[in-house]
Each structure stands twice: as C-alpha cells, then as structure tokens.
Amino acid sequence: MLWRIMRSLSYKLFGNPVSHSLSPQIHTLFAQQFDLTLSYTTQKVETEDFLNALEQFRIQGGRGANITVPLKEIAYTLCQHKSTQAQRAQAVNTLYWDKDNQLCGDNTDGIGLVKDLKNNYHQILENKNILILGAGGAARGIIPALLDENPKRIYISNRTPLRAKDLIKDFNTPKLELLAYEKLNEPLEISFDFIINATSLSLEHKSLPLHPSIMKDHFAYDFVYNLEYPTAFIQQAREHKAKQAHDGLGMLIEQAAESFYLWHQKKPNTQPVYLFFRKNSKGLLI
Ligand code: NDP
C-alpha cells in the first residue's frame, strides 16, 4: 500500500551537479503542510542520458520533475506543451505529464526570484537597472518575470558572447542590452541597482572578474546558496561593499512552491520553510 502511495507521488530533480540541492527537503516540508506523502529524489545525469533517464522515470511512475543546471534549455525542447513563461524563456525548470502522457513544461524560476526580492527583501524593480551575469537556462528563466516588473533596463553579460546575443535576440525587446564580459573588469559609466549572478561559478567556489565599483552600494544576489558559508559571489560582494548581498535560498524555496502548486494544486506556506533553513545558515546576510 505504502509502495503504491510513494509510486503515485514520485518526483525528481535532474541535473549535474545535484548532490548539494535542498529541493528534496523543501518539497518534503511542503508536503507535510498538507499531510501528503511523496518521494522527491535527485538524479545526477549527463546531458546525453537525460532523455532516457526522464523516460525511465515516467515509466516507473514519476509524476513530475525539476530541472537544473545544465539541462533547462534541453528540457524545453523535449516538451509537447509549454507554458507562456516557458515559451518566453525557452527554458523549463518544472516538468509533468498530462493524462495523455504528454510532457508539459513550465518555468517557475522568475516568479521565485521576484517573490524573494519583493517579499523577503522588500525591493522594487520598476525603473531600475539590472545586471544579469550569465546567459544560461536560469538567466533565461528569470527574464520574463523581471520584464513584467517594468525595469529601466536589463544588461546581460556572459563569458560566451554568442549565448548572450542569442538570448537577447530571442526576447526581442529594447529593454535587454548586451554588456561585454571583458568590460566587467573596468569602471563603467552605467550604474546597476541590482547585480544578479546567474552563473554557476559559485558552485565551484570561484568569483567573476568584477571591478569593485560595480557592486559598491548596490544590491547583489547570487543564485547559488550555501548554508555553511557565504558563496564566493557573496564574499566578493562584501569585499566590494555591496549595500546588500543575498544568496538564492529564498528564490529556491519560492520557485519550489510554484512547482509544488503545478503538481499538487496546493499553495504551500514558504515562510516557515525559509526560516527553518535560514535559522541553520551562518552569516549569509549583510
Ligand atoms: P547553465 O549551465 O545553463 O548556465 C551556466 C552559466 O554559468 C552560463 O552563463 C555559463 O557561461 C556560466 N559559467 C559557467 N562557468 C563559468 C566560468 N568558469 N566563467 C564564467 N561563466 C561561467 O546553468 P543554469 O543557468 O541552469 O544555472 C546557473 C546557476 O543558477 C546554477 O548554479 C544553478 O544551481 C543556479 N540556480 C539557482 C536557482 C535558485 O532557485 N536559487 C534556480 C536556478 C538556478 P557560458 O555560457 O560562457 O558557459
């Protein structure tokens, strides 16, 4: 009987790396709010094995999946049905199968980030300059929700220029502008209210080549989170005297809540989950 319940509510995070992820704990805490029993596990998968792994999971009774680095753009191409947010981003972080076994994709990263910035840090994005570092699946995922907040301009800077150019072309709005990666190391005339690190560099404990003036007195945000110690980007933001520097824990919990809603049609309360993890984190807020 228990096996049947677990089989009927089985979820997974696919990506590489995934071992650091708090998603299994977050979804378990959400499920407890509704007395739901579910299984949420992680699976490290190489890009070339992803399609096969996803199909195996479905055959074994998987109901839905979250997708992380570096698979969000590939996952998008596999979906038969794509939400508006997914179509705008051309990247997905949430998958599920409909009653006809058609793969459906959505993207909850953007709403997750915006909710964290607005609800937890009381930030206003309207008419603000935003610098996004990175142009991968996660960067794509947040742009629709950021544009909906009507910022002044969003600058994109990526190590591989073509990827940033493609992203800007796909969104096709004058609000998005390219900033050459080499320029990050120089003092700039433009001032950014928000500097968002959407690269995976902090996972490798590495910093970006940023001139100290870029983050000074501004709001710095790292997508990567770490409960044990500040990420490399948070450390850099502190050294460069950012006004505030935060990791991506709040975003992770908010995007997870949106995925949870897509799968279970129930809205979890994110605050106790956020406080549960934050209570156990050491010195991440400045
Ligand atoms: P992708 O693999 O799609 O993109 C990775 C990005 O990081 C690219 O822009 C890549 O640049 C850049 N990058 C990687 N290595 C380097 C390097 N050595 N120097 C400079 N740039 C580098 O990953 P995602 O976009 O899916 O995820 C990015 C990060 O965001 C991950 O760490 C992920 O865990 C995190 N994330 C956190 C979320 C949260 O809720 N907190 C939600 C979503 C993502 P290039 O194109 O040149 O390779």
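Which residue in E2 does Leu13 stand opposite? Leu13 faces Thr42, and the notes below place that pair in its sheet. Please keep in mind that this is a predicted model, where local features need pLDDT of at least 70, side-chain atom pairs count only at pLDDT 80 or more, and totals for chains, interfaces and linings use all residues. Residues are numbered from 1 along each chain as its sequence is written, and side-chain values use heavy atoms, leaving out hydrogens and water.

**The sheet**
- An open sheet with mixed pairing is built from six strands, in the order E2-E1-E3-E5-E6-E4.
- At its edges lie strand E2 (39–44) and strand E4 (81–82), each of which pairs on one side only.
- Strand E1 (residues 10–15) runs parallel to E2, and six bridges join them.
- Two strands pair if DSSP finds at least two bridges between them; helices (H or I, at least four residues) and strands (E, at least two) are DSSP runs, numbered from the N terminus.

**The cysteines**
- The whole structure has zero disulfides, a disulfide being a pair of cysteine sulfur atoms within 2.5 Å.
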